[in-house]
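I opened a notebook for this structure and wrote down what I looked up, one topic at a time.

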Amino acid sequence: MSFNTISVIGLGYIGLPTAAMFASRKKKVIGVDVNQRAVDTINRGEIHIVEPDLDMIVHAAVTEGYLKAVLTPEPADAFLIAVPTPFLPVQMEGDIPQPDLKYIEAAANAIAPMLKKGDLVILESTSPVGATEQMAEWLAAARPDLTFPQAAGDNADVNVAHCPERVLPGHVVRELVENDRVIGGMTAKCSARAVELYKTFVQGECVITNARTAEMAKLTENSCRDVQIAFANELSIICDKLDIDVWELISLANRHPRINILQPGPGVGGHCIAVDPWFIVSKTPNEAKLIHTARKVNDAKPEWVINKVKIAIADFLQANPEKTAKDVTIACYGLAFKPDIDDLRESPALNITKKIAEMHAGKVIAVEPNIKELPVVNTALRLVSFEEAEKMADVHLLLVDHKEFKKESFGGNCLIDTKGIW
Ligand SMILES: NC(=O)c1ccc[n+]([C@@H]2O[C@H](COP(=O)([O-])OP(=O)(O)OC[C@H]3O[C@@H](n4cnc5c(N)ncnc54)[C@H](O)[C@@H]3O)[C@@H](O)[C@H]2O)c1
C-alpha cells in the first residue's frame, strides 16, 4: 500500500467520518479544519456533529494515536478534500445560483505546498462538472515544480480524482463502508490509485469512470431526487385544491407495480438536494428545463405552507371571536432539514418557522428534539418540549417527521401536517 499517511481536509459531516474510517483501519490520519473548535473537540476524542456511532470510532482513533486534527495541512501521501460547495448569493430574484468554489480553491492552495511526487489528491466535495480539472489547475499553478494529470497524463507526479460521497446522514458509518463508490480519476492511473486508497475500508464496489462523469453522477442522483420530490409536492398542492388526501392518493398510486411516488413535505432543504441541481442548471441553463422547474416548485412550497398557517389563524379567530391574533400561539414541530438529525442547514422547516415568528403577532414556539438551543436570535421564538407545545399551542404545524413526533394520538386541534404523520 502506497499510502501511509492520509490527510482529510474539512472535518465536517463527510470529512470526519471518512478520516475516522481510515484511522479505524490503523492508517495514520491527519485531519485538517479551519475551525479551531472542531479541531480542539476532535483532539479531545470527541465529535462536534451528530452521527450515530461516530463518537466511539473517533474516540478510539484519537486515543490510539491514529487520528489527529490540525489547523494547517502537513505532508501526507493522499489528500481528500471534503469542504463545503455552496452556491453564491443570488443578486436578483429569479437569477440562477452559481456554484461557489472558494472553499475548494482555499483547500487546494493550502495543501499545494505539502505535495510531493507520488501523492494523490481526491476531491470528495460535491462539485459542478469541471471542478476537479479546475482544482488540478490551481494545484499546478501553485506547484510549477510538479507535473499534474491535465498536462502529463499517467506520468504525472501527482494524481487527481473526483470521488463523490453519497452517504445518508444518520447512517454514515455503515454506508461509508457498504456503499458502492464512483471513482473518477483524471487518468486511468489516478483512478487505480484512488481505488487502492478507498479499498482500505470500502467493501462496496469501486466503479471507475472519468472525473467529469463522476461529478455529473453525484449531481444527477440529487437532481433525480429533487425532481421526484417536486412531483410529490406539486401533487400535494393539487390535492389540497381538489379536497383529496394526498397521502392516501400516493399510497393508492404506489400499489401500481411500476409506480413509486415519493412523499411531499414543506420544501426541500439540506446542502445537497436543494443545492446540487443548481450546479447542472447554472452550467446548462437552456437544456436543464425540467431540473430547473423542479427547483422552483420545491422552493415555492414553504410559502404555500406559510399561507396555510395564515388560513389556520383566520379560521381559529373566526371560531374564537373574543380573541385577536396576539392571543394565538403557533407551535412548529421540527426545524432540521430532515428527520432524526440536528442539521439545520438550508432547512425549509427552520425558514418557515423564522418567517412565521416574524409575521405573527402572538407567540411562536418550536419543538426540535435534536438541538439544545435555537440557532437564531429571535425574541419571538422559543424552544419548548413536545408536551408543552401540545398543551400550549392553538395552531400546530408539523414540519419534520422526527421519530419523537410519531404519536398515536395528538392532543392539538388546529393541525397543519406537512408530512402526513398525524
Ligand atoms: N453532509 C452530507 O450528507 C453530504 C453528503 C454527500 C456529499 N456532501 C458534500 O460533501 C462536502 C462537505 O460537506 P459536509 O456536509 O461535510 O460540510 P460541513 O460543513 O459539515 O464540513 C465542511 C468542513 O470544512 C471545513 N473547511 C472549510 N474550508 C476549509 C479549508 N479551506 N480547509 C480546511 N477545512 C475547511 C469547515 O470548517 C467544515 O468543518 C460538500 O461538498 C457536500 O455537498 C455532503
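I began with Lys116, which at 35% relative accessibility counts as partly exposed, where buried means under 20% relative accessible area, exposed over 50% and partly exposed in between, with a 1.4 Å probe and protein chains only. Before going on I noted that this is a predicted model, in which local features need pLDDT of at least 70 and side-chain atom pairs count only at pLDDT 80 or more, while totals for chains, interfaces and linings use all residues. I also noted that residues are numbered from 1 along each chain as its sequence is written, and that side-chain values use heavy atoms, with hydrogens and water left out.

Which residue forms a salt bridge with Lys116? I found Asp77, with the closest N and O atoms 3.1 Å apart; a salt bridge here is a side-chain nitrogen of Lys or Arg within 4 Å of a carboxyl oxygen of Asp or Glu. Lys116 lies in the loop between α4 (102–111) and β5 (120–123) and Asp77 in the loop between β3 (67–70) and β4 (78–81), so the pair ties together parts that are 39 residues apart in sequence. For helices (H or I, at least four residues) and strands (E, at least two) I used DSSP runs, numbered from the N terminus. Asp77 is buried, with a relative accessible area of 15%.

**Entry: other salt bridges**

I searched the whole structure and recorded 20 salt bridges. In one of them the side chains of Arg181 and Glu165 meet at 2.9 Å, N to O. Arg181 is in strand β7 (residues 181–185) and Glu165 in the loop between β6 (159–162) and α7 (172–178), 16 residues apart, and both Arg181 and Glu165 are buried.

I then looked at Lys403, which forms a salt bridge with Glu404, the closest N and O atoms being 3.8 Å apart. Lys403 counts as exposed at 55% relative accessibility, whereas Glu404 counts as partly exposed at 32%. I also noted that salt bridges with shared partners join Asp77, Lys116 and Asp119 into one network.

**Entry: the two domains**

The domain assignment, which is automatic or from a database, gives domain 1 (5–204) and domain 2 (222–417). Their centres, taken over C-alpha atoms, are separated by 33 Å. The contact, meaning heavy atoms within 4.5 Å, takes 15 residues from domain 1 and 15 residues from domain 2.

How much area is buried between domain 1 and domain 2? I wrote down about 1300 Å², of which carbon and sulfur atoms give 70%; buried area is the accessible area (1.4 Å probe) that two parts lose on being put together, summed over both. In domain 1, Tyr13, Phe87 and Ile96 lose the most area to domain 2, together 37% of what that side buries.

**Entry: a helix and a histidine**

I next read through helix α11 (residues 276–283), which is mostly covered, with seven of its eight residues buried. Among the buried residues of α11 are Trp278, Phe279 and Ile280, and the buried residues pack against α9 (211–242) and α12 (289–319).

Last, I located His396 in strand β12 (residues 395–398). His396 is buried, with a relative accessible area of 0%.
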